[in-house]
Amino acid sequence: MEHRKLKAFPAGFLWGAASAAYQVEGAWDADGKGPSVWDVFAKLPGKTFQGSNGDVAVDHYHRFAEDVALMAEMGLKAYRFSVSWPRIFPQGRGEPNEAGLAFYEHLIDTLIAHHIEPVLTLYHWDMPQALQDEYGGWEDRRIIADFEHYCVTLFQRFAGKVKYWVSLNEQNYNLTNAYQLGTHPPAVEDRKRFFAANHIAFLANASVIATFRRHVPNGLIGPSFAYSPAYPGSSAPADMLAFENAEELTNHWWLDTYCFGRYPQAALTWLTETGEAPDILPGDLEILSQGLPDFVGVNYYQTLTYTGNALDGVTLQRINTTGQKGTTPASGIPGLYKTMANPFVETSNWDWAIDPTGLRIALRRLASRYALPVMITENGLGEFDQLVAGDRVHDDYRIAYLKAHVEACQQAISDGVQLLGYCAWSFTDILSWLNGYQKRYGFVYVDRDERDTRDLRRIRKDSFHWYKKVIASNGEIL
């Protein structure tokens, strides 16, 4: 669609930025917090880049007031953050840790005082280690009740202060790494266990959404999905079928279950044939259908292009975590699809396709298929930023990336998508999970590296000043 005139961003559009507890907070054992699976996993030799971990991260726990002041200076309209489950329930259940609740209440109150909408994520991968040890976390249905108990505690505490809630963040990406690639805790490589854990996570997500409506009647809630729209490698029928397979197995498997309360048929048939389908018990589909979301959160970074894959073909491969461009191998599922390079798009140093048009396609596919509002809960560029003389970071490449993706948002709005907001990833630099601190995403540079926390000084990048102008003009000045 080529519009003669693009629609303006709506009044009240949530121009935001995002983070996650383990990646920014630090204070991993402070004030009664219990260990998360990442607190344990990241300390195992060889699991992360140069042994980096989130023990200190960027110390947002102690510096949140400084960080929120920077957000206010930028003019941010929304800040998406996650609550650390073991900071509230050190053992995963029981009596809540008041010090943990108080920290998030202070953060929320400070955001509100600066007219910044808090967007609260309930789960961003930091499972309490106690529950992982006791019954295997997402592999046991006991987690449904424990997760609901944790969430209800937050609903009751913050219902009058927080309108927008994200239930599960990137269930698809996290559990793929946790149960297929073995690169996230609990480091399993078993597709049967992968689909079983996902099914339980779907039930937990739906149960919490249904419960949310009783406790936060004026709020909105939805999961945040890591959406990489599928492209066919060519118009050859075999590539078109591979594209359909990939969209069904890598996207619809989650989105249909979230938004329709049922699994896509072709994917379920395939997994039943291979013996990998989850055990769907009586009452499960009713639970899924009773917990449909109010909006879909989208974490968008790239599209993926697919071609055919023989039954003895390429299997899933680990991603590039070094920033050495061109080192990502083809990855796939035998009999379904495998990835291939798209010659029409550039890539980052981590081999992620830079494709703003793909964001427009993603938003249109979601809006047309599910008829729900959408919030972009993550979108950004991780790169090797350099601090130069005069305390400057010239990240013109990030500005170009974000500008093109914000333009794609405006085009999608003009196409009819109801877009609630855009939360760039991330506000400050962060720990990038397996990639350490070298892969920087923030508008604000944090002076530290993998092994030296230095002074953790906050330094505004050029992109900080650019985004400030975008927000002030409500997207008119890009």
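**Exercise 1.** Describe the closed barrel in this predicted model: which strands form it, and how are they paired?

*Solution.* The barrel has 8 strands, in the order β1-β2-β3-β4-β5-β7-β13-β14, and the pairing is parallel. On average, with direction ignored, neighbouring strands of this sheet are turned by 25 degrees against each other. Next, take one pair from that order. Strand β3 (residues 117-123) runs parallel to strand β4 (residues 164-169), and 4 bridges join them. Within this pair, valine 119 has tyrosine 164 of β4 as its bridge partner.

**Exercise 2.** Find which strands helix α14 lies across.

*Solution.* Helix α14 covers residues 396-414.

**Exercise 3.** Work out how helices α3 and α5 are oriented to each other, and which residues make their contact.

*Solution.* Start with the geometry: α3 (residues 60-74) and α5 (residues 98-113) pack at about 10 degrees, and their axes are 10 Å apart. Angles under 35 degrees count as roughly parallel, so α3 is roughly parallel to α5. On the α3 side, the contact is made by His60, Tyr61, Phe64, Val68 and Met71. Helix α5 contributes Ala99, Phe103, His106, Leu107, Thr110 and Leu111. Sorted by type, the contact residues are 8 nonpolar, 3 polar and no charged.

**Exercise 4.** Decide whether glutamate 105 counts as buried or exposed, and find its contacts.

*Solution.* Glutamate 105 lies in helix α5. Its relative accessibility is 17%; the cut-off for buried is under 20%, so glutamate 105 counts as buried. Beyond its neighbours within four places in sequence, glutamate 105 is in contact with Arg157, Phe158 and Lys161. With lysine 161, the glutamate 105 side chain makes a side-chain polar contact at 2.9 Å.

Note on methods:
Residues are numbered from 1 along each chain as its sequence is written. This is a predicted model: local features need pLDDT of at least 70, side-chain atom pairs count only at pLDDT 80 or more; totals for chains, interfaces and linings use all residues. Side-chain values use heavy atoms; hydrogens and water are left out. Axes are lines fitted to C-alpha atoms, for helices over the stretch in contact, and angles run from 0 to 180 degrees between N-to-C directions. Helices (H or I, at least four residues) and strands (E, at least two) are DSSP runs, numbered from the N terminus. Angles under 35 degrees count as roughly parallel, over 145 as roughly antiparallel, 65 to 115 as roughly perpendicular and the rest as oblique. Contact means heavy atoms within 4.5 Å. Ala, Val, Leu, Ile, Met, Phe, Trp, Tyr, Cys and Pro count as nonpolar, Asp, Glu, Lys and Arg as charged, and the others, Gly among them, as polar. Buried means under 20% relative accessible area, exposed over 50%, partly exposed in between (1.4 Å probe, protein chains only). A polar contact is a pair of N or O atoms within 3.5 Å; within protein, one must be able to donate a hydrogen and the other to accept it, and residues adjacent in sequence count only if both atoms are side-chain atoms. Two strands pair if DSSP finds at least two bridges between them.
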